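Me: Can you walk me through this one? I will ask as I go.

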Amino acid sequence: MPPTATPKRLSLSEWFKTITFYEILVGMKATLSHLLNYKPVTLQYPHEKRTLPDNYRGMLALLRYDDGTEKCVGCDLCEAACPSRVIRVVSAEVPGEPTKRYSKEYYMDMTRCLFCGMCVDACPVDALGMTREFEWAVYDKRQLHLNKQQLLAIGDRSFPIREKRLELQHPNVAFFNVPFKHVPPKPN
Amino acid sequence: MSEFGLRLAISLTQIAAVMGIVVVTVLLLTLAERKVLGWMQDRMGPMEVGPYGILQPFADAIKLFFKEDIIPAGANKFLFTMAPVLCLIPAFIGFAVIPWGPNWTLEIGGITVKPFVISDINIGILYILAFASIGAYGIILGGWASNSKYSLLGGLRSAAQIISYELNVGLSIIGVVILAGSLSLVKITDAQAGWFWNWYLFALPAPQIFAFVVYVISSVAETNRVPFDLPEAESELVAGFFTEYSGLRFAFFFLAEYANMVLVSCVAAALFLGGWNAPYPGTILELLGFPSLSWIESTMWFAVKTYSFLFLFFWLRATLPRLRYDQLMRFGWKVLLPIALANIVVTAIAVFITQ
């Protein structure tokens with residue numbers, strides 16, 4: 001059986017605190033001290049922006065090598081890694097180079113992206129990168145369905161320093177998916 | 001010009017001046033409230049319009065003027081249109097009897113004019129209380145005519161709250177009226193001249209400290225301000241009685257709330273804090289040899305008292321959470337009402353013995 005609620009008898013000091021609004025005065029002292037020691041925590045956002053952390057994960061982008069060719073080899077691993085099915089890759093052979101593949105079409109539905117960075121981790125050739133862009137508010141949701149050209153453009157403006165091609169970075173390693181001069185071109 | 005025409009012209013000039021001051025004060029208050037509230041909560045308040053956001057009231061006013069005026073389907077159109085006006089007029093009309101400065105008289109064209117009070121009627125306080133009660137009709141009718149459950153609940157709460165707390169306002173004022181022997185605000189203020197211990201807050205034989213506390217709490221409740229903002233409790237009732245209002249009608253309600261705040265602050269300053277009297281006898285400007293300019297000092301003292309009272313409104317709003325409805329009613333009827341009644345009895349006995 002729960003104890004019955006009996007009205008608690010106030011001690012003299014408690015009674016005095018009640019009639020002098022002591023607790024309210026304590027609260028008012030707190031607010032007044034904040035007014036007198038005014039230190040706002042506000043950041044005036046559009047005018048001043050906070051410094052982003054080094055590992056900030058912003059807008060996704062497709063990258064290029066330093067000779068301007070796309071890094072993407074169309075392997076679909078990013079599509080497989082993506083937990084929210086943002087990415088759709090249409091892979092194809094490079095015309096005239098039967099051992100080499102590329103992504104003929106590459107779509108990202110950024111309305112669903114949760115910026116986990118798993119696609120970047122999954123990419124075997126580091127063709128994907130996360131930029132530091134975050135101001136991507138748009139008036140039409142469809143503007144967030146990005147195609148390959150748009151993603152490459154984001155990469156171009158966010159990563160001005162590009163890598164060399166892989167085979168030039170590591171001359172002693174044999175690479176898959178790199179054209180060899182002695183492989184005869186596929187007859188058309 | 002005939003005497004009537006001259007009287008009319010002088011009165012209209014005074015009314016225009018007072019209305020101008022009140023509207024400017026309300027504009028200032030909307031900004032000051034947001035700024036002070038922000039500073040107390042470690043925010044900045046409005047910062048975008050003008051340097052440090054000082055033009056924000058004008059931006060708000062322009063926005064409210066040009067918003068679409070919506071009358072909800074099923075609303076009682078006549079009452080819906082009437083309610084904001086019914087709320088606004090009583091809020092402004094009370095300023096007619098507030099003395100802003102010393103009780104001087106001027107002779108203009110053979111007519112005696114009191115420059116610092118529009119109308120020195122001998123029932124000043126009664127007049128203010130009567131019109132404050134009419135303001136409650138605006139809120140109730142606005143809530144009822146909107147055809148919305150939130151508005152209706154807000155209006156009902158407001159009706160109960162205003163009736164309960166206006167009683168306390170009236171009773172807390174009676175002590176002062178007993179001491180002064182007059183209902184005229186001019187006479188009450190004049191009776192508090194001299195040092196600050198002549199103010200009715202401290203005056204012998206019966207200091208009205210308890211009455212002042214009751215008045216402050218009840219006036220906060222009467223103007224529907226935090227912590228007594230149950231009629232417009234936004235977490236429960238969307239916006240209370242003006243949920244369905246938009247545009248200019250909403251602006252009227254808003255203006256009425258702030259004008260009411262200024263009015264109760266002016267009344268508190270006039271009744272308990274000596275009105276335009278400085279805390280010392282006379283004025284400094286008079287001692288320095290500018291007796292014709294001493295009204296500036298007097299009105300400044302009135303402004304200081306009124307504005308510090310208004311600051312208290314913001315301060316309470318930044319500090320306190322909203323009361324529950326039963327707490328509000330219990331506090332009003334079981335705590336404040338007995339205190340106010342006891343104060344009347346004590347004051348009456350003290351005045352009877354000392355006279």
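This is a predicted model: local features need pLDDT of at least 70, side-chain atom pairs count only at pLDDT 80 or more; totals for chains, interfaces and linings use all residues.

Me: Which residues touch the most other members of the largest nonpolar core?

Reply: Cys87(B), Val176(B), Ala259(B), Val262(B), Ala268(B), Leu271(B) and Phe272(B), out of 92 residues. Such a core is a set of buried Ala, Val, Leu, Ile, Met, Phe, Trp, Tyr and Cys residues joined through C-beta atoms within 7 Å. Buried means 20 or more other C-beta atoms within 10 Å of the residue's own, with C-beta atoms placed from the backbone.

Me: Which helix gives the most to this core?

Reply: H9 of chain B, residues 247–272, with 18 residues. Helices are DSSP runs of H or I, at least four residues, numbered from the N terminus.

Me: Phe314(B), where is that found?

Reply: Phe314(B) is in helix H11 of chain B, residues 294–319.

Me: Why does Phe314(B) count as buried?

Reply: Because 23 other C-beta atoms lie within 10 Å. Phe314(B) and Glu33(B) are 281 residues apart in sequence, yet 6.0 Å apart C-alpha to C-alpha.

Me: Switching topic, how many residues does the contact take from chain A and chain B?

Reply: 13 residues from chain A and eleven residues from chain B, where contact means C-beta atoms, placed from the backbone, within 7 Å.

Technical notes. Residues are numbered from 1 along each chain as its sequence is written. Chains are lettered from A and ligands numbered from 1 in the order in which they are written. A residue is buried if 20 or more other C-beta atoms lie within 10 Å of its own, exposed if 12 or fewer, and partly exposed in between; C-beta atoms are placed from the backbone. Helices (H or I, at least four residues) and strands (E, at least two) are DSSP runs, numbered from the N terminus. Two residues are in contact if their C-beta atoms, placed from the backbone, lie within 7 Å.
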